[in-house]
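Here is a short note to read beside the coordinates.

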Amino acid sequence: MKLLQITVLACATLLATSCQSKVKKNTLSENDENTEIMNEEVEEVVKLSPQQLSKYETAYFASGCFWCVEAIFESVKGVKEVVSGYAGGKQKNPTYEDVGYGKTDHAEAVEVFYDPKEISFTELVQVFFGSHDPTQLNGQGPDRGRQYRSIAFYKTDEQKKIIEGYMQALADQNVYGGEPITTEVTPFTVFYKAESYHQDYEKNNPNNSYIKNVSIPRLNRFKESFGDYLKKSVH
């Protein structure tokens, strides 16, 4: 796939439920009577241990609700694990409620464990920009607030150059019709893993209204545009 063959994704329907749902941890799927049955049918995925993951590289991105972003990066070849969490702020040990209600500077983000022999950091940056609308300021689709802002984190000067160079190429090619890219390019400092019930949320809660109306359509649009990047299991 050529560097700039990116389809700008349309905003998800504003009628859908927001990622920051007014539901508590123990009631996330109680309104969907078939959720428990559906969860049992989800294919079991063997999780790598922290020791196994330690041999891989990590990259960090934020582009809206982490339920969506996690599912997208999980579908990409060379990606071994994706963890939902919080990054970009200064507050220690943030909670979902703190971040979701704007009580911190953190954004919902993902930690991507990847094998650089199978996929490069540049390609992950392509996935990042190709799977959301980076011209949306402080939000993505139906989700509004700085906790949903677009951020590309870098750990080295080389990664920063890759991100900024790609953003400049997008601007030079007028990919977004003159709309400015609002993505923050930020040095990585710390990542806080989100609560356990957020991990693999799209897989574990297929009947959740937000997942059905926002996450899955967003994932499917990505898959249509980035077929060469997908794992065989998700084709």
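1. E81 is buried, at a relative accessible area of 8%. Buried means under 20% relative accessible area, exposed over 50%, and partly exposed in between, with a 1.4 Å probe and protein chains only. A salt bridge here is a side-chain nitrogen of Lys or Arg within 4 Å of a carboxyl oxygen of Asp or Glu. E81 sits in strand β2 (residues 79-87), and K47 in the loop between α1 (35-41) and α2 (50-53), 34 residues apart. Helices (H or I, at least four residues) and strands (E, at least two) are DSSP runs, numbered from the N terminus.

2. A word on the basis. This is a predicted model: local features need pLDDT of at least 70, side-chain atom pairs count only at pLDDT 80 or more, and totals for chains, interfaces and linings use all residues. Residues are numbered from 1 along each chain as its sequence is written, and side-chain values use heavy atoms, with hydrogens and water left out.

3. D200 is in the loop between β8 (192-193) and α7 (201-204), 153 residues from K47. D200 is buried, at 13%, whereas K47 is partly exposed, at 39%.

4. Another pair is E184 with R149, the closest N and O atoms lying 3.2 Å apart. E184 is in strand β7 (residues 184-187) and R149 in the loop between β5 (143-144) and β6 (150-154), so the bridge ties together parts 35 residues apart in sequence. R149 is buried at 3% relative accessibility; E184 is partly exposed at 26%. By shared partners, K47, E81 and D200 form one network. The whole structure has 5 salt bridges.

5. Now the nonpolar cores: sets of buried Ala, Val, Leu, Ile, Met, Phe, Trp, Tyr and Cys residues joined through side-chain atoms within 4.5 Å. The largest has 48 residues, and F61, W67 and F73 have the most contacts inside it. Helix α3 (residues 66-74) gives the largest share, 7 residues. Beyond four places in sequence, F73 is in contact (heavy atoms within 4.5 Å) with F61, V79, V82, V110, V112, L124, V127 and F128. Another core of 12 residues lies apart, with L53, A87, F153 and F191 among them.

6. Check helix α8 (residues 209-225). Its 17 residues should span 24 Å at 1.5 Å a residue, and the end C-alpha atoms are 24 Å apart, which agrees. The expected span is 1.5 Å times one less than the number of residues. A kink of about 30° lies at S215, shortly before P217. The bend is the angle between axes fitted to the seven residues ending at a residue and the seven starting there.

7. Which residues of α8 are buried? They are Y210, I211, V214, S215, R218, L219, F222 and S225. Their cover includes β1 (57-63), α3, α5 (121-130), β4 (139-140), β5 and α7. N208 caps the N-terminal end of α8, with a side-chain oxygen 2.9 Å from the backbone nitrogen of Y210.

8. Two non-glycine residues with positive phi deserve a look. N93 has phi near 50°, in the loop between β2 and α4 (96-100), and is exposed at 59%. N138 has phi near 55°, in the loop between α5 and β4, and is partly exposed at 24%.

Technical notes:
A polar contact is a pair of N or O atoms within 3.5 Å; within protein, one must be able to donate a hydrogen and the other to accept it, and residues adjacent in sequence count only if both atoms are side-chain atoms.
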